[in-house]
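Please look over the sequence and the model below before reading on.

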Amino acid sequence: MEVISIERSTYEELLTSFNSFVTKMKEMASRSNNKGLGDWLVSQDVCQMLNISPRTLQTLRDNGTLAYSQINHKVYYKPEDVESILHVIVGRDKDSKMCNLKMECL
């Protein structure tokens with residue numbers, strides 16, 4: 001084993017720098033925990049929530065109706081974005097049901 005001796009002032013500066021680094025890393029870790037993927041939804045969850053097919057979900061992404069993020073080949077959605085288009089999907093379903101009712105009435 002090799003022993004290296006340094007001055008006390010140098011050791012204290014090194015220790016202070018290291019503690020500062022550790023504090024910054026802990027702050028970054030706590031900020032990233034708030035933005036974790038745990039709150040995000042995957043495609044299967046969104047399809048079940050909106051009662052739509054994967055192809056319809058793809059169309060919503062393609063035409064810009066539903067915002068998303070993609071990491072590698074996996075697509076993630078913010079719950080608030082899915083909730084914001086819920087009325088569009090529900091409205092579409094009501095319109096198609098109304099259409100069916102009108103056709104049956106004719």
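A residue is called buried if its relative accessible area is under 20%, exposed if this is over 50%, and partly exposed in between. These words are used below for a model that is predicted.

## Overall make-up

The protein chain contains five helices and three strands. Along the sequence these elements follow the pattern α-β-α-α-β-β-α-α.

The protein chain has 106 residues, of which 14% count as buried. It exposes about 8,900 Å², and carbon and sulfur atoms supply 55% of that area. Among contacts in the protein chain with a separation of 6 or more, 53% come from residues 24 or more positions apart.

## The sheet

The three strands make an open sheet with the order β1-β3-β2, and their pairing is antiparallel. β1 (41-42) and β2 (69-71) are at the edges with a single partner strand each, so one side of each has no neighbour in the sheet. In general, strands of a sheet pair through backbone hydrogen bonds, in either a parallel or an antiparallel way.

β2 is joined to β3 (residues 74-77) by three bridges. Within this pairing, Ser69 has Tyr76 of β3 as its bridge partner. Two residues lie between the strands in the hairpin of β2 and β3, where Asn72 takes a positive phi near 55 degrees. On the β1 side, two bridges pair β1 with β3 in the antiparallel sense. There Leu41 stands opposite Tyr77 in β3.

## Helix α2

Which residues of helix α2 are buried? In this helix, which spans residues 43-50, they are Val46, Cys47 and Leu50. They cover an arc of only 100 degrees around the axis, and therefore lie on the same side of α2. An α-helix has 3.6 residues a turn, so residues three or four places apart point the same way.

Gln44 and Gln48 are exposed on the other side of α2. Just after the helix, Asn51 has a positive phi of about 55 degrees.

## Helix α3

Helix α3 covers residues 54-62, and in it Leu57, Leu60 and Arg61 are buried. These residues span an arc of only 100 degrees around the axis, which means that they are on the same side of α3. Arg55 and Asp62, on the other side of α3, are exposed.

How many aromatic pairs are counted in the model? The count is zero. The rule behind this asks for ring centres within 6.5 Å, for rings of Phe, Tyr and Trp.

## Helix α4 and residue Glu83

Glu83 belongs to helix α4, which is made of residues 79-84. Is Glu83 buried or exposed? Glu83 counts as exposed because its relative accessibility is 53%.

Glu83 can also be placed relative to Met49. These two residues are 34 residues apart in sequence, and the distance between them in space is 9.4 Å, C-alpha to C-alpha.

Key: Residues numbered from 1 in each chain as written. Predicted model: local features only at pLDDT ≥ 70, side-chain atom pairs only at ≥ 80, totals over all residues. Heavy atoms only, no water. Phe/Tyr/Trp six-rings, centres within 6.5 Å; stacked < 30°, edge-to-face > 60°. Pairing = 2+ DSSP bridges. Helix = DSSP H or I, 4+ residues; strand = E, 2+ residues; numbered from the N terminus. Buried < 20%, exposed > 50% of the residue type's maximum accessible area, 1.4 Å probe, protein only. Contact = heavy atoms within 4.5 Å. Areas by Shrake-Rupley, 256 points an atom, 1.4 Å probe, with all protein chains shown as cover. Arc of directions from axis to C-beta.
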